[in-house]
Amino acid sequence: MTLAPTTADVWLPIPADEIDGLPDPGASGLNYRFWDGGADFPADPADCAFYVVPYMKGSAIAVRPLAAMTSLRVVQTLSAGIDHVVPGLGSLGPGVSVCNAKGVHEASTAELTLALILASLRGIPRFVRGQDAEEWRDGFYPALADKSVLIVGYGSIGSAIEDRLAPFECARVARVARSARTTARGPVHALADLPALLPDADVVVLSTPLTPETRHLADAGLLARMKDGALLVNVARGPVVDTNALLKEVESGRITAALDVTDPEPLPAGHPLWHAPGVLLTPHVGGSTSAFMPRAKRLIAAQVGRFAAGEELANVLRTT
C-alpha cells in the first residue's frame, strides 16, 4: 500500500484541468504541477511525491529530476516500457513504486503491427513508389492467410496483436514469453524455446520489453534460424534487434523486416537501414495515435486516485 502524505506535489505532463477524475486538490492535499520536460521545473522536485514521466521525450529528460525528488513515492510512465527511467532509479530512496502504462498502448501498437505485416507482405511500399513514378507495378504477392506467426513477448500488447490476427486465417500463432504458461488460446512457450520455434515462422513479431535478457535477442544466431523469406516485425524497442546482424540478413535478401523502432533511434541520415532492401520503417509511432490521450488521462486519474486513497497501485513493475 502506498499512502499519500498530508500534502504532496504531483507532476503531470498534461495540465491537471484537462484530466477528468483527478482527486480534488483541497480534499486530497495534492498540488498538481505541470511539467512536460521543459528547461525549468514547475516547483522544487524535493516536494514531488508522484511523478508522471513526460511521454516520448527521451531518457535524459525522464530522469533529469529524479535525483532531487527526495520525497518521491511513485514513478508513473506513459509508455509500456520503463527502460527510459531505469538509469535514474539508482538515485531514489527505497520504496518507490515504478509503474508502466499497461492499458494505454495495446490497441494502437497492435493496429500498427498488423499494418506493418500487411504492408510488407502485400508490397504496399512498392506500390506507393510506383504511384510516385506513375508505374503500374502489378504482380503476385504473399498473403497473411495461411502464414505461421510467432509472437515473441506475449504480454498485454502481444495478446492484443493476436486478437487482431484472428480474422486473417493464419495457419497458426505461436507465443513466447519469459516463462511458459497456458492461456485460453493455447500454450505460451518459454523464451528458451524460441530457437526451436523460429524455423517454422513466416512472420516473427517482437513485442518484448527491453531488459538485459532481451537486449540483442534478435542477434545473428537468432536471425539465421528464421526461415528463408520470413518477415521480422519489431514493435518492441530498437536494441532488441542487433542492427548489424539484421542488415546482413536483409541485404542478402534472405529475410525482410518491418521496424517501428530502431537502434540507433532516431535513425540518423545516411544510416544503411534507410535504404536496406526489404525493410519498411515507421518512426516509433506504435502508441502515437488519437487513442493515446484519452487512455493516458484515464490511467493518470485512476493511479493518482489510488495514491490519494492509500490504495494499491496498478501496473507496478518494480519497487526501489
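Where is the place of threonine 70? Threonine 70 sits in the loop between helix 2 (59-63) and strand 4, where helices (H or I, at least four residues) and strands (E, at least two) are DSSP runs numbered from the N terminus. The model is a predicted one, in which local features need pLDDT of at least 70 and side-chain atom pairs count only at pLDDT 80 or more, while totals for chains, interfaces and linings use all residues. Residues are numbered from 1 along each chain as its sequence is written, and side-chain values use heavy atoms, with hydrogens and water left out.

**Threonine 70**

- Threonine 70 is exposed, with a relative accessible area of 65%, on a scale where buried means under 20%, exposed over 50% and partly exposed in between (1.4 Å probe, protein chains only).
- Not counting residues up to four places away in sequence, threonine 70 touches Pro45 and Ala46, contact meaning heavy atoms within 4.5 Å.
- Proline 45 is 25 residues from threonine 70 in sequence, and the two lie 7.6 Å apart in space, C-alpha to C-alpha.

- Leaving aside its neighbours within four places in sequence, leucine 194 is in contact with Leu150, Val152, Val176, Leu217 and Leu222.

**Second largest pocket**

- The second largest pocket has a volume of about 620 Å³; on a 1 Å grid over the protein atoms alone, a pocket is an open set of points where a 1.4 Å probe fits, with protein on both sides within 12 Å along at least five of seven lines, and a volume is the space filled by probe spheres set on the points, which are joined across faces, edges and corners.
- Its lining (residues with an atom within 4 Å of a point) numbers 29 residues, of which Arg129, Val279, Leu280, Leu281 and Thr282 lie nearest the centre of the pocket.
- Helix 4 (106-122), helix 5 (124-132), strand 12 and strand 13 (279-281) are the elements that give two or more residues to this lining.

**Salt bridges**

- The structure holds ten salt bridges, each a side-chain nitrogen of Lys or Arg within 4 Å of a carboxyl oxygen of Asp or Glu.
- Aspartate 83 forms one with arginine 237, the closest N and O atoms being 3.3 Å apart, and the pair links distant parts of the chain, 154 residues apart; aspartate 83 is partly exposed at 23% relative accessibility, whereas arginine 237 is buried at 18%.
- Arginine 185 and aspartate 163 meet in a salt bridge of 1.9 Å, N to O, with arginine 185 in the loop between strand 8 (181-183) and strand 9 (186-190) and aspartate 163 in helix 6.
- Aspartate 228 pairs with arginine 254 in a salt bridge, the closest N and O atoms being 2.9 Å apart; aspartate 228 lies in the loop between helix 8 and strand 11 and arginine 254 in the loop between helix 9 and strand 12, so the pair ties together parts that are 26 residues apart in sequence.
- Salt bridges that share partners join Glu162, Asp163, Arg175 and Arg185 into one network.
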